[in-house]
Amino acid sequence: MNSLALEKSHFDALVKIPVNGIELEGMLVVPQRAKGVVLFVHGSGSSRLSPRNTFVANNLHESGIATLLMDLLTKQEDIAYENRFDIDLLTWRLERATQWLMEQPRCSALDVGYFGASTGAAAALNAAATFGSAIGAVVSRGGRPDLALPALANVQAPTLLIVGSLDDVVIELNRQAYENIKAEKHLAIVEGATHLFEEPGTLPEVARLAAHWFKRHLGGKRQS
């Protein structure tokens, strides 16, 4: 595909999101006629360059869904391990980033969803509870939704929890969280997968499940 055709088919740019005196870096990709935009909320020790989340994002683009992959912590903040589990900080940053995204001309008419991994899933669910019906869908990959337990009953967004069948402890934590979610919900167990979905065929299954969920729930109210 030549550069002119690529330009016509989608928009992508490295963006800087101002949050309380600092700037968080992200990559925004908006396919032509996007059905919605999904903000990726990375978990502990991950980043916007995570190959797993990049793989899922690329699959979403093919389904006509825009994505924002971003870091909720600066490089300096990420050095401190405890920051990766500061759910209040991650949630606050995500809420500010969501407001920024909703104000961008290319995304202001798009329904917003969250894709959260590990501790990022807790931040995604907390933010979804805050924004209510403004968030169209949430997907958690190997996430810790149990860390958002007090907020789960207030989540209005249809929520998909994806866990590997070999990730025993996290499966149980997801089942506990699942019982507290009042919105439309589904718990998907990917057979043969461990926590990072590194086994052959497991990450493509995550991408398939996520794309199906977002295509089903985003774009119903507004179209780009």
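Residues are numbered from 1 along each chain as its sequence is written. Because the model is predicted, local features need pLDDT of at least 70 and side-chain atom pairs count only at pLDDT 80 or more, while totals for chains, interfaces and linings use all residues; side-chain values use heavy atoms, with hydrogens and water left out.

**Exercise 1.** Determine which residues touch the most other members of the largest nonpolar core.

*Solution.* Step 1: a nonpolar core is a set of buried Ala, Val, Leu, Ile, Met, Phe, Trp, Tyr and Cys residues joined through side-chain atoms within 4.5 Å. Buried means under 20% relative accessible area, exposed over 50%, and partly exposed in between (1.4 Å probe, protein chains only). Step 2: the largest core has 48 residues, and Leu39, Leu68, Leu94 and Tyr114 touch the most other members. Step 3: helix α5 (residues 119-131) gives the largest share of this core, eight residues. Helices (H or I, at least four residues) and strands (E, at least two) are DSSP runs, numbered from the N terminus. Step 4: a separate, second core of 25 residues includes Ala57, Ala137, Leu160 and Ala193.

**Exercise 2.** State where the buried residues of α2 fall when seen down the helix axis.

*Solution.* Step 1: α2 (residues 51-62) has twelve residues and reaches 17 Å from its first C-alpha to its last, close to the expected 16 Å; the expected span is 1.5 Å times one less than the number of residues. Step 2: the buried residues of α2 are Asn53, Val56, Ala57, Leu60 and His61. Step 3: these residues fall within an arc of 145 degrees, so they line one face of α2; the arc is that of the directions from the helix axis to the C-beta atoms. Step 4: Pro51 and Glu62, on the other side of α2, are exposed. Step 5: the buried face packs against β2 (22-31), β3 (36-41), β4 (65-70), β5 (111-117), β6 (135-141) and α7 (202-217), where contact means heavy atoms within 4.5 Å.

**Exercise 3.** Decide whether Glu95 is buried or exposed, and identify its partners.

*Solution.* Step 1: Glu95 lies in helix α4. Step 2: with a relative accessible area of 10%, Glu95 is buried. Step 3: apart from neighbours within four places in sequence, Glu95 is in contact with Asn126, Ala127, Thr130 and Phe131. Step 4: the side chains of Glu95 and Thr130 are joined by a polar contact of 2.9 Å. A polar contact is a pair of N or O atoms within 3.5 Å; within protein, one must be able to donate a hydrogen and the other to accept it, and residues adjacent in sequence count only if both atoms are side-chain atoms.
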